[in-house]
Amino acid sequence: ELSRAAAAAPVPGRPRNRPELDVILRKARETGMTAMSGVVLRGISSISVPIFGHAGNLLATLTIVGLESVFDNSPIGTPAQALLRAGARLSERMGAL
């Protein structure tokens with residue numbers, strides 16, 4: 001009973017329906033990245049960027065994680081900017097335009 005209730009409980013940052021997912025996808029397209037805090041593990045933040053192939057297809061994602069208390073996961077933060085550059089270089093090496 002408890003495990004079912006825990007599984008059904010909403011997780012902050014995790015979309016519960018298609019409109020919420022669409023908001024996350026739109027923001028990811030605008031910034032070129034996704035940033036989450038406490039979604040997978042409480043107290044942990046992450047930033048992910050896509051790696052694209054020569055046909056523009058998604059090949060992989062590159063992700064960095066850190067403690068919420070000290071990790072800046074804002075799109076303009078140093079970690080995000082470094083990850084965006086690394087993702088762009090990897091995509092270029094994989095043949096993306």
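Where pLDDT is low, the predicted coordinates should not be read in detail. Because the model is predicted, local features need pLDDT of at least 70 and side-chain atom pairs count only at pLDDT 80 or more, whereas totals for chains, interfaces and linings use all residues. Residues are numbered from 1 along each chain as its sequence is written, and side-chain values use heavy atoms, with hydrogens and water left out.

The secondary structure comprises three helices and three strands, these elements being DSSP runs numbered from the N terminus (helices H or I of at least four residues, strands E of at least two). Along the sequence they follow the pattern α-α-β-β-β-α. Of the 97 residues of the protein, 21% count as buried, the term buried denoting a relative accessible area under 20%, exposed one over 50%, and partly exposed one in between, with a 1.4 Å probe and protein chains only. Among contacts between residues at least 6 apart in sequence, 45% join residues at least 24 apart, a contact being defined by heavy atoms within 4.5 Å.

The three strands form an open sheet in the order 1-2-3 with antiparallel pairing, two strands being paired if DSSP finds at least two bridges between them. Strand 1 (34–37) and strand 3 (58–67) are the edge strands, each of which pairs on one side only. On average, neighbouring strands of this sheet are turned by 20° against each other, direction ignored; axes here are lines fitted to C-alpha atoms, for helices over the stretch in contact, and angles run from 0 to 180 degrees between N-to-C directions. Helix 3 (residues 78–93) packs on the sheet, where this helix touches strand 2 and strand 3, and its direction makes about 25° with that of strand 2.

Strand 1 and strand 2 (residues 44–52) run antiparallel and are joined by four bridges. Within this pairing, Thr34 stands opposite Ser48 in strand 2, and Ala35 has Ile47 of strand 2 as its bridge partner. The hairpin of strand 1 and strand 2 has six residues between the strands, and in this hairpin Gly38 takes a positive phi near 70°.

The largest nonpolar core has six residues, namely Met33, Ile47, Val49, Phe71, Ala80 and Leu83, a core being a set of buried Ala, Val, Leu, Ile, Met, Phe, Trp, Tyr and Cys residues joined through side-chain atoms within 4.5 Å. Strand 2 and helix 3 each supply at least two residues of this core. With residues up to four places away in sequence not counted, Met33 touches Lys27, Ala28, Ile47, Ser48, Val49, Asn73, Pro75, Ala80 and Leu84.

Phe52, which is found in strand 2, is partly exposed, with a relative accessible area of 33%. When residues up to four places away in sequence are not counted, Phe52 touches Asn57, Leu58, Leu59, Ser91, Met94 and Ala96. The C-alpha atoms of Phe52 and Glu92 are separated by 8.0 Å, although these residues are 40 residues apart along the chain.

Side chains of opposite charge can pair when their charged atoms come close. The structure holds three salt bridges, each defined by a side-chain nitrogen of Lys or Arg within 4 Å of a carboxyl oxygen of Asp or Glu. In one of them, the side chains of Glu20 and Arg16 meet at 2.6 Å, N to O; Glu20 is partly exposed at 24% relative accessibility, whereas Arg16 is exposed at 60%. Asp22 forms a salt bridge with Arg18, with the closest N and O atoms 2.8 Å apart, and both residues lie in helix 2 (residues 18–31), four residues apart, about one turn of the helix. Asp22 is partly exposed, with a relative accessible area of 35%, while Arg18 is exposed, with 52%. A further salt bridge joins Arg26 and Glu30, whose closest N and O atoms are 3.2 Å apart; because these residues are four residues apart in helix 2, about one helical turn separates Arg26 from Glu30. Arg26 counts as partly exposed at 44% relative accessibility, and Glu30 is exposed, with a relative accessible area of 57%.
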